[in-house]
Amino acid sequence: MEYFIQLFLGGLTRGSIYALIALGYTMVYGIIELINFAHGEIYTIGAFTALITASVLTLYGFNEISILILASLVAVIYSSAYGFTIEKIAYKPLRHAPRLSPLISAIGMSVFLQNYVLLAQTSDFLPFPGLVPEFQFMKKYEHIFSSTELMIFLTTSVVMIILTLVIKFTKIGKAMRATAQDRKMAMLVGVDVNRIVSITFIIGSALAAIGGVLIASHIGQINFYIGFIAGIKAFTAAVLGGIGSIPGAVLGGFILGWTESFATGYVSSDYEDVFAFALLVLILIFRPAGILGKSKAQKV
Amino acid sequence: MLKLVNVKTFYGNIQALKGVNIEVREGEIITLIGSNGAGKTTTLMSISGITPPGSGEILFMDQPIHNVSPDKIVSLGISQVPEGRHIFPQLTVMENLHMGAFLRTDKDGIADDIEYVFGLFPILTERRNQAGGTLSGGEQQMLAISRALMARPRLLLLDEPSLGLAPKIVRQIFDIIRKINSEQKTTIFLVEQNANLALQVANRGYVMENGRIVLEDYADRLLSNEAVKKAYLGL
């Protein structure tokens, strides 16, 4: 039973990270119907930015928790700037081009950024400091759920709750939903759609950066390639839940996290990806729009 | 108030408007009639800045707006009820109305205007927390007009408000259009296929064929014009 709980909690942690990154995919898709394949690289950039910031701050003798907060903050700002710029350079000029063009541009951006990180940093794995302090009250449960995992789960929960509130109740959130549902009409009521697209990229990138920092301090090492793997997994989560749907991305993230965790625990870690992608195939066969996705129907 | 001077609009290589000249004066209801594909919707979309003209001028209150972005055009006072209504399907009726007031910041004024449109269309009050996509066609048309009014436009562009609606609902909607014009002093630019109905409420009318204005006159004179009768009134 304890083993089951351990796997369940492990899946929860993993799933919340997938969910966080999947939100970026799904939000961008909701607004401009583009799979932003460079999204995973934003996560890598977030992790590297945090590593550099953390190293510098450690030299200056900051304590653990302030390093965690400051490094995350810098990573979020830096990654958001990247997300904003990527959209302006690689997608905005192609807004009216056939749908394949921005997709190819996205893949190109992904490859470019991967190699940019590779050249600017190194191809080796770099150790990433465990930024989350060991909580005293977690000592008893350390063998099944670590402080870092608790922190990951809490942070992602808080972030997702804030995001939900923003989308549901603020003016900008309403404009995002309106733009996703009917872009032309959003323009006709006075929404500056370019601004909404930029904001969406900024929010998605910020979420990816938070995910990058959290998972890097959990696993303890990073390289230029982490974003690619995490990106593919999060994309799977987004499709699983129904791309374009925000609750779907969260649900898809958790389901994928649990699938991987249980597959690793009860079968073998070699089969982790097999189960994850087999699940995707099954969903695509039996529910092509995803679990919470709606196939589009319009009333005339 | 609004002036289109030799407006030419293109979709890729296809020229939809081939030099359109239209003038709308403050306070009047004008209508643009014509058959399918004549360029009526394109004319409205050019005015709203969604498909900006390739050449020619559009002046609103003597200011050129043909190179202005759609959101700026709304803020200048031009709102559109597009063909097919385009309600935000997953937003509630209230949220749809608030989207109509997107560029406004006067909370009290917005609340007053919501009361005003609920007065025009009482059925919307009952539906206020329902998703827009669940409304009937007539209710959606009412919501679309209400949403456009929420921006407090000086000029209201209406594209085929009668499309697909029962005759009774159409009459109700046209009464409201007249009321908006007389009570709110909102200038109205009405695009319609139902020429008979449109010419009855309008002061003046334009007839469009193949991207050109072929006839313009007072509405009552167009109603008795032999060519119009034959082509558009089915008489």
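Student: Which residue does Arg14(A) form a salt bridge with?
Tutor: Glu260(A). The closest N and O atoms of Arg14(A) and Glu260(A) are 2.6 Å apart. Keep in mind that this is a predicted model.

Student: Where in the chain do those two sit?
Tutor: In distant parts of it. Arg14(A) is in helix 1 of chain A, and Glu260(A) is in helix 10, residues 246–267. The two are 246 residues apart.

Student: Why can side chains pair like that?
Tutor: Because side chains of opposite charge can pair when their charged atoms come close.

Student: How many salt bridges are there over all chains?
Tutor: The search of the whole structure finds 18.

Student: And how many across the interface of chain A and chain B?
Tutor: The rule finds one there. Arg177(A) and Glu95(B) form it with their side chains, at 3.0 Å from N to O.

Student: OK, what about polar contacts across that interface? How many residue pairs?
Tutor: Five residue pairs, with both partners at pLDDT 80 or more.

Student: What area do they bury between them?
Tutor: About 2100 Å², with 64% of it on carbon and sulfur atoms. On chain A, look at Gln181(A), Leu188(A) and Val189(A). They supply 29% of the area that chain A buries against chain B, more than any other three residues.

Student: New topic: cavities. How many are 30 Å³ or more?
Tutor: The count comes to one. The largest cavity has a volume of about 40 Å³.

Student: Which residues line the largest cavity?
Tutor: Residues of both chains. Chain A gives Met185(A), Leu188(A) and Val189(A). From chain B come Val74(B), Ser79(B), Gln80(B), Gly100(B), Arg147(B), Ala148(B) and Ala151(B). Leu188(A) and Val189(A) are also among the residues I named for buried area.

Student: Which elements supply at least two residues of that lining?
Tutor: Helix 7 of chain A, plus strand 6 (78–81) and helix 6 (137–149) of chain B. By class, the lining has six nonpolar, three polar and one charged.

Student: Now pockets. How much space lies in the second largest pocket?
Tutor: About 750 Å³. Its lining has 32 residues.

Student: Which of them lie nearest its centre?
Tutor: Arg14(A), Tyr18(A), Ile215(A), Ile219(A) and Glu272(A).

How values were computed. Residues are numbered from 1 along each chain as its sequence is written. Chains are lettered from A and ligands numbered from 1 in the order in which they are written. This is a predicted model: local features need pLDDT of at least 70, side-chain atom pairs count only at pLDDT 80 or more; totals for chains, interfaces and linings use all residues. Side-chain values use heavy atoms; hydrogens and water are left out. Buried area is the accessible area (1.4 Å probe) that two parts lose on being put together, summed over both. A salt bridge is a side-chain nitrogen of Lys or Arg within 4 Å of a carboxyl oxygen of Asp or Glu. A polar contact is a pair of N or O atoms within 3.5 Å; within protein, one must be able to donate a hydrogen and the other to accept it, and residues adjacent in sequence count only if both atoms are side-chain atoms. On a 1 Å grid over the protein atoms alone, a cavity is a set of points where a 1.4 Å probe fits but cannot get out, and a pocket is an open set with protein on both sides within 12 Å along at least five of seven lines; lining residues have an atom within 4 Å of a point. Grid points are joined across faces, edges and corners, and a volume is the space filled by probe spheres set on the points. Helices (H or I, at least four residues) and strands (E, at least two) are DSSP runs, numbered from the N terminus. Ala, Val, Leu, Ile, Met, Phe, Trp, Tyr, Cys and Pro count as nonpolar, Asp, Glu, Lys and Arg as charged, and the others, Gly among them, as polar.
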